Amino acid sequence: MRAVAAAMLLSAPALAAALEPLPDSALAKVAGRDGMSFNLSNFAMSGNAELRYYAPGGGSLGVGNLAASRSDNTDAPFADPYRLDISAGGQGRADIINIAFPENAAGREVWQVAYDFGVNAGGFDVRNGSVILKDLVFYGGGLQWSTPAVGDGLAFGLATRIELGSLTLAPNGRAATGEAMVLSNVTIGAATADGSAPTSPWRIADVTSQAGIFNARTDAAGNPSLHIGVNWPDAGQAAPSGTLQIGNIGFRSDAGANMDLGSSRIGAIQLQYLDVKFRQ
């Protein structure tokens, strides 16, 4: 016991030295509420781990080699955090986990993300493809999780407003050479009446009124599949409208056969129902 107490006393100065006082201006902007608030200041991660789903009948889908980093709003590093809380799901429903994203009104919290993907199914083994997102900015929105009202799996909600400098799909990996499709200056958010750039998040799925679903299931013929979808909205409700705006759709090749298709805009999208299955 004496050795443990001595170790604690010796470590106390080191712990105290690691703490940094917050200025009054930062403390004044912290609002009290239920749940937990956290920030990802100077966040960065990378690694070669892979997450792979193996279908019961053969075949697999994998994502790995993730690298992600975020630049920060240094003027107010603690004033606009992520917020996590749990709310009641209503009569007969499970509780709901909510994660609200920072409002990021100044647009200074910017993400850089890249990961590799691979698919092995139907006699095809595609590996070393990459997805690269540059200058990804989230403006509010968030995620919800709960258990489905019926059946197994994970029910989710999603609201998002983003601006993206570029999205690159590279079948030959992240090498500087090769072929790629590049979507530049992408904007997604709630549709506006005049078709202008969105100013609020688009609610793509809602746990209580139009839940998304993620699960593994088997159809009537005995075929297993990994399933992701969005249910129909509740009776008497309309699905929220979103907008998708792309500055340029381009195809790049180190052979010099580059092609630009120009811009594309969808003024109003309503996602009434979505049903996607991954199977052998």
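Which residues are linked in a network of salt bridges? The residues are R70, D72 and E109, a salt bridge being a side-chain nitrogen of Lys or Arg within 4 Å of a carboxyl oxygen of Asp or Glu.

The model is predicted: local features need pLDDT of at least 70, side-chain atom pairs count only at pLDDT 80 or more, and totals for chains, interfaces and linings use all residues. Residues are numbered from 1 along each chain as its sequence is written, and side-chain values use heavy atoms, with hydrogens and water left out.

**Salt bridges**

The count of salt bridges comes to six.

| Salt bridge | N to O distance |
|---|---|
| R70 and D72 | 2.5 Å |
| R70 and E109 | 3.5 Å |
| R252 and D260 | 2.9 Å |

The pair R70 and E109 links distant parts of the chain, 39 residues apart. R70 belongs to strand β4 (residues 60–71), while E109 lies in the loop between β6 (96–100) and β7; strands are DSSP runs of E with at least two residues, numbered from the N terminus. R70 is buried at a relative accessible area of 6%, where buried means under 20%, exposed over 50% and partly exposed in between, with a 1.4 Å probe and protein chains only. D72 is likewise buried, at 18%, and E109 is buried at 8%. R252, by contrast, is partly exposed, with a relative accessible area of 32%.

**Nonpolar core**

The largest nonpolar core has 16 residues, among which W111, L133, L136, L164, L167 and L183 touch the most other members. Such a core is a set of buried Ala, Val, Leu, Ile, Met, Phe, Trp, Tyr and Cys residues joined through side-chain atoms within 4.5 Å. At least two residues of this core come from each of the strands β7 (110–121), β8 (124–138), β11 (162–170), β12 (179–190) and β16 (241–253). Beyond its neighbours within four places in sequence, L164 is in contact with L133, K134, D135, L136, S184, N185 and V186, contact meaning heavy atoms within 4.5 Å.

**Surface patch**

A nonpolar patch on the surface is formed by V119, F124 and V126, with about 270 Å² of accessible area together. Patches of this kind consist of residues with over 30% relative accessible area and no salt bridge, their nonpolar side chains (Val, Leu, Ile, Met, Phe, Trp, Tyr) being joined within 5 Å. The areas come from the Shrake-Rupley method with a 1.4 Å probe. V126 is found in strand β8 and is partly exposed, at 41% relative accessibility.

Technical notes. Helices (H or I, at least four residues) and strands (E, at least two) are DSSP runs, numbered from the N terminus. Patches are made of residues with over 30% relative accessible area and no salt bridge: like charges are joined within 9 Å, nonpolar side chains (Val, Leu, Ile, Met, Phe, Trp, Tyr) within 5 Å.
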